[in-house]
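Please read them with the structure open.

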Amino acid sequence: MTTTKITTRWNTICTVGYTGPVSRDQDQRAHGGVTHCEARRTRAGRLQGRKINTNGRHEEVGEPFDLTGDQLDRWQRISEEA
């Protein structure tokens with residue numbers, strides 16, 4: 001399995017089909033396309049994830065959440081299968 005180096009900048013790990021809203025401030029115009037799953041490290045070294053819905057013109061950026069190593073591995077496997 002190829003491992004993506006996780007830095008303090010958001011990095012897209014995988015892209016999946018749209019699965020639903022990702023933000024409290026939904027943008028319906030961004031729904032129906034794809035969802036990008038992104039990861040980064042905080043300055044303290046913790047993993048964070050977020051999802052971004054996009055349809056090519058509009059984006060809905062989700063709130064950051066604590067990301068486990070298992071979730072990151074799952075996203076990386078999805079990326080390899082694509």
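1. Helices (H or I, at least four residues) and strands (E, at least two) are DSSP runs, numbered from the N terminus. His 36 sits in strand β2, which covers residues 34-41. The model is a predicted one, in which local features need pLDDT of at least 70, side-chain atom pairs count only at pLDDT 80 or more, and totals for chains, interfaces and linings use all residues. Residues are numbered from 1 along each chain as its sequence is written, and side-chain values use heavy atoms, with hydrogens and water left out.

2. Overall make-up. Read from the N terminus, the order of elements is β-β-β-β-β-α. The radius of gyration of the chain is 13 Å, close to the 12 Å that the globule rule gives for 82 residues, so the chain is as compact as a globular protein of that length. The radius of gyration is taken over C-alpha atoms, and the globule rule is 2.2 Å times the number of residues to the power 0.38. Along the principal axes, the C-alpha atoms fill a box of roughly 35 × 30 × 20 Å.

3. Burial and surface. Of the 82 residues, 33% count as buried; buried means under 20% relative accessible area, exposed over 50%, and partly exposed in between (1.4 Å probe, protein chains only). The accessible surface of the chain is about 5400 Å², and 43% of this surface belongs to carbon and sulfur atoms. Accessible areas come from the Shrake-Rupley method with a 1.4 Å probe; for residues, only the protein chains shown count as cover.

4. Contacts along the chain. Among contacts between residues at least 6 apart in sequence, 51% join residues at least 24 apart. Contact here means heavy atoms within 4.5 Å.

5. His 36. With a relative accessible area of 22%, His 36 is partly exposed. Setting aside residues up to four places away in sequence, His 36 touches Thr 12, Cys 14, Thr 15, Arg 50, Lys 51, Ile 52 and Thr 54. Thr 12 is 24 residues from His 36 in sequence, and their C-alpha atoms are 6.3 Å apart.

6. Glu 60. This residue belongs to strand β4 (residues 59-61). Is Glu 60 buried or exposed? Glu 60 counts as buried because its relative accessibility is 1%. Its contacts, not counting residues up to four places away in sequence, include Pro 21, Val 22, Asp 27, His 31, Lys 51 and Asn 53. Asp 27 lies 33 residues away along the chain, with 5.7 Å between the C-alpha atoms of Glu 60 and Asp 27.

7. The aromatic pair. The structure holds one aromatic pair. Phe 65 and Trp 75 form this pair, which is edge-to-face at 6.3 Å centre to centre and 90 degrees between the planes. Phe 65 is in strand β5 (residues 65-66) and Trp 75 in helix α1 (residues 69-81), ten residues apart. Rings of Phe, Tyr and Trp (its six-membered ring) pair if their centres lie within 6.5 Å; planes under 30 degrees apart count as stacked, over 60 as edge-to-face and the rest as tilted. Phe 65 is partly exposed at 27% relative accessibility, whereas Trp 75 is buried at 8%.

8. Leu 67. This residue is in the loop between β5 and α1. Leu 67 is buried, with 6% relative accessibility. Not counting residues up to four places away in sequence, Leu 67 touches Ala 39, Leu 47, Gln 48, Gly 49, Leu 72 and Trp 75. Between the C-alpha atoms of Leu 67 and Glu 80, 13 residues apart along the chain, the separation is 19 Å.

9. Ile 78. Helix α1 also holds Ile 78, which is partly exposed with a relative accessible area of 29%. Leaving aside neighbours within four places in sequence, Ile 78 is in contact with Cys 14 and Val 16.
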